[in-house]
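Subject: Structure handover and findings

Hello,

Here is the structure for your files. My notes on what turned up follow below it.

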Amino acid sequence: MNDSVLLLSLASAIVIGTPILLAGLGEMMTEHSGVMNLGVEGMMLGGGVVGFWMSTQYPSMPLAMAVGAGVGALFAGIHAYLAVTLRVNQIVSGLALVITGTGFAGFVGSSNDSALIYARPKSSLEPVFGEGMQELPLVGPLVFGHDWVVYMSWLLVAVAAFWLFRTRAGLALRAVGEDPATADTVGISVGVTRYVYTMIGGAGAGMGGTYLMVEIFATYQHGITAGLGWIAFALVTFAGWRPWRALVAAYVFGALRNLGFTLQILGASVPSDVLNALPFVLTIVALIIISARPAAARKYSAPSALSIPYSREIR
Amino acid sequence: MSLPLGAFELTVERQQIPSRLVRMAAPTASVAFGLLVGAVIIWASGQDPILAYTEMAKKGFGGRLALTGTLVLATPLILTGLAAVVAFRMKIWNIGAEGQLILGAVASSGVGLWLGDNGIGGPVGIVLMLAAGAGAGALWAGLAALPRAYLNTDEVISTLMLNFVALGIMNYLIFSSFSHWRDPSRATFPVGRFVDDSMFLHRFTGRLHIGLFIALAAAGALWWALRSTRWGFEVWVTGDSPRAALYSGMRVDRKILSVLMVSGAFAGLGGGIEVGGVLGNLDPRALSLGVGFAGIVVAALARLSPLGVIPVAILVASFTNAKPGLQVLGIPSEIVTLLEGILFLCIVGGEWFLRNAVRLQRRAAGPRPVGVEAAPS
């Protein structure tokens, strides 16, 4: 009995970890280009609410995800314009984006004629694999019990890892994030690179928000992300800017969200408020450990040019 | 950079000191542009933008009740704004004012309750309560400041993360435990225990309490300290060039500690004032995230001027104050948050005109002198 409780909560950690992973992976690509976008929570809400609206109009999850990704990318485009073209302080611009996205979601969600709060998605996702595979011991619920979005997120992790560290485009991306002036001299467009990857980050957040609203909660409420966007932002640091680590970390953070229920079933009682704060405590601890060890700091630290605007004229 | 336009050309050059006209015109034009974008959105959603804006102005500033309400909301915003100003001046990016304010509220309500339990109240109690708030804010910021000063740990992420840890602590004290802070008589609907009446800050008219003047005094003190003290000078030098500061014998690590802790103290004081002047208890529903992040944007819009924070904070607070009133008119109150975000983005973007001079001039005949275009000013 206890085994299956544990197994089920691990499986649901993967589900709740998926929006964290999608948004975090996007933000990771953004940060590799040297742009820090604090607006993840806002983009998740803003992209997600439109994706959710799409799902209430037309029963297609791929369409809802695409729309959510597109709107998230548009929100990120605002940040890119401010941070890359106008070179404003990225912290300020990112926080303004959080406020804008939150307001946008609230506004769209509560407009009298749409009333998304009462709307429900027209379809929900089914597990990809058949009953037989889902009933396999252990790997059944953990590996074969999910919908296609979960598998897509695994694929995206692999693609991101390959892209970043095994392709020329990834090398160019990292060069822009580490040393934009040098990247510029070898003919890589710093501006275009930063725009593209900032918007990819927004698309990830928008997809994460859409999945959260359409599939996990199947409803829209004000502030439905409840800090998941910030967890996704923390994830990038906790994972040391590495995609495969992000996959593991997203499920650890997801598990912490569920741990309260699990422990209650098992008879222990740890308040959910404490568990909700744990991902952030873990991130701080990881950050301090990494910065205290020079060898680790070289390998797992932030891109050198992170949040520094680039201009050819000012060095 | 230049853009040919027929017989004219548009040139863009970097500038250090914008003209007085541009300094006034750029923010005004940015606000106007933001309001225009907002109007289009309001109009597109089937509401009347003119009505929405006039109502917002009325609910924010029209009459004594509206005005005092706005000033009460502006008080914590001024203090979180100051928290951002002092840290950002030294290019220490404290984005943890949120958490520092929450811990300030936790400490001051805790101390306030303890003093009340022991029969201490009145002005002495109030001073101790507010001091506890400021002290807790400073210590909470210190958690990020120590690794920043001695291990060079990125303070952006650590201060940000500490916000959510502080939120967890506050929620735990009220919702998940029978702590010193929680009212034991309310088991089903958890609320914080109220401090003694004698510990409430003095109220003048309506809800306006003395906290506003504490915040104004804090702004004045910071303005003076940054301008006229050795500490302020060193903050400025360290922010501009940490290396120069180090070589001239300044203790940069101590400066980081002191600046971050002063920053945290401002935010923590804000939390204390909220408890003493508005809430009377530790209320997680009222202290949820928002004021700290808004304070950062306020500081940026005030161009990191301690005194400039005051009018900007009041303006932003008037928006928040207008929220409930709009809902009554059938306009979704969330439009205010959206509009706030749009205005922030526009004004922050408008800063570009302060750093760059744009001129429309007649195109010179013949080839341009070499190097003119690329020369940075």
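Start with helix α2 (residues 49–61) of chain B: Lys59(B) and Glu55(B) both lie in it, four residues apart, about one turn of the helix. Helices here are DSSP runs of H or I with at least four residues, numbered from the N terminus.

Before the rest, the ground rules. This is a predicted model, in which local features need pLDDT of at least 70 and side-chain atom pairs count only at pLDDT 80 or more, while totals for chains, interfaces and linings use all residues. Residues are numbered from 1 along each chain as its sequence is written, chains are lettered from A and ligands numbered from 1 in the order in which they are written, and side-chain values use heavy atoms, with hydrogens and water left out.

Salt bridges

Lys59(B) and Glu55(B) form a salt bridge, with the closest N and O atoms 3.0 Å apart. The term means a side-chain nitrogen of Lys or Arg within 4 Å of a carboxyl oxygen of Asp or Glu. Glu55(B) is buried at 10% relative accessible area, whereas Lys59(B) is partly exposed at 32%. (Buried is under 20% relative accessible area, exposed is over 50%, partly exposed is in between; 1.4 Å probe, protein chains only.)

Glu234(B) pairs with Arg230(B) in a salt bridge, closest N and O atoms 3.1 Å apart. These two are also about one helical turn from each other, because they sit four residues apart in helix α8 (residues 230–240) of chain B. Glu234(B) is buried at 9%. Arg230(B) is exposed at 66%.

Arg251(B) and Asp253(B) make a salt bridge at 3.5 Å, N to O. Arg251(B) is partly exposed, at 44%. Shared partners join Glu55(B), Lys58(B) and Lys59(B) into one salt-bridge network. Over all chains, the search finds 10 salt bridges.

The interface

How many salt bridges cross between chain B and chain A? The rule finds zero. It does find three residue pairs in polar contact there, both residues at pLDDT 80 or more. (A polar contact is a pair of N or O atoms within 3.5 Å; within protein, one must be able to donate a hydrogen and the other to accept it, and residues adjacent in sequence count only if both atoms are side-chain atoms.)

On the side of chain B that touches chain A, five helices each supply at least two residues: α5 (122–151), α6 (155–175), α11 (291–301), α13 (334–350) and α14 (352–355). α6(B) gives the most, with 12 residues.

In total, 43 residues of chain B are in contact (heavy atoms within 4.5 Å) with 45 residues of chain A. The buried area is about 3,800 Å², and carbon and sulfur atoms give 78% of it. (That is the accessible area, 1.4 Å probe, that two parts lose on being put together, summed over both.)

Ser177(B)

Ser177(B) sits in the loop between α6 and α7 (211–228) of chain B. It is buried, at 10% relative accessibility. A polar atom of its side chain lies 3.4 Å from the backbone oxygen of Leu173(B). Neighbours within four places in sequence aside, Ser177(B) is in contact with Tyr172(B) and Arg182(B).

Best wishes
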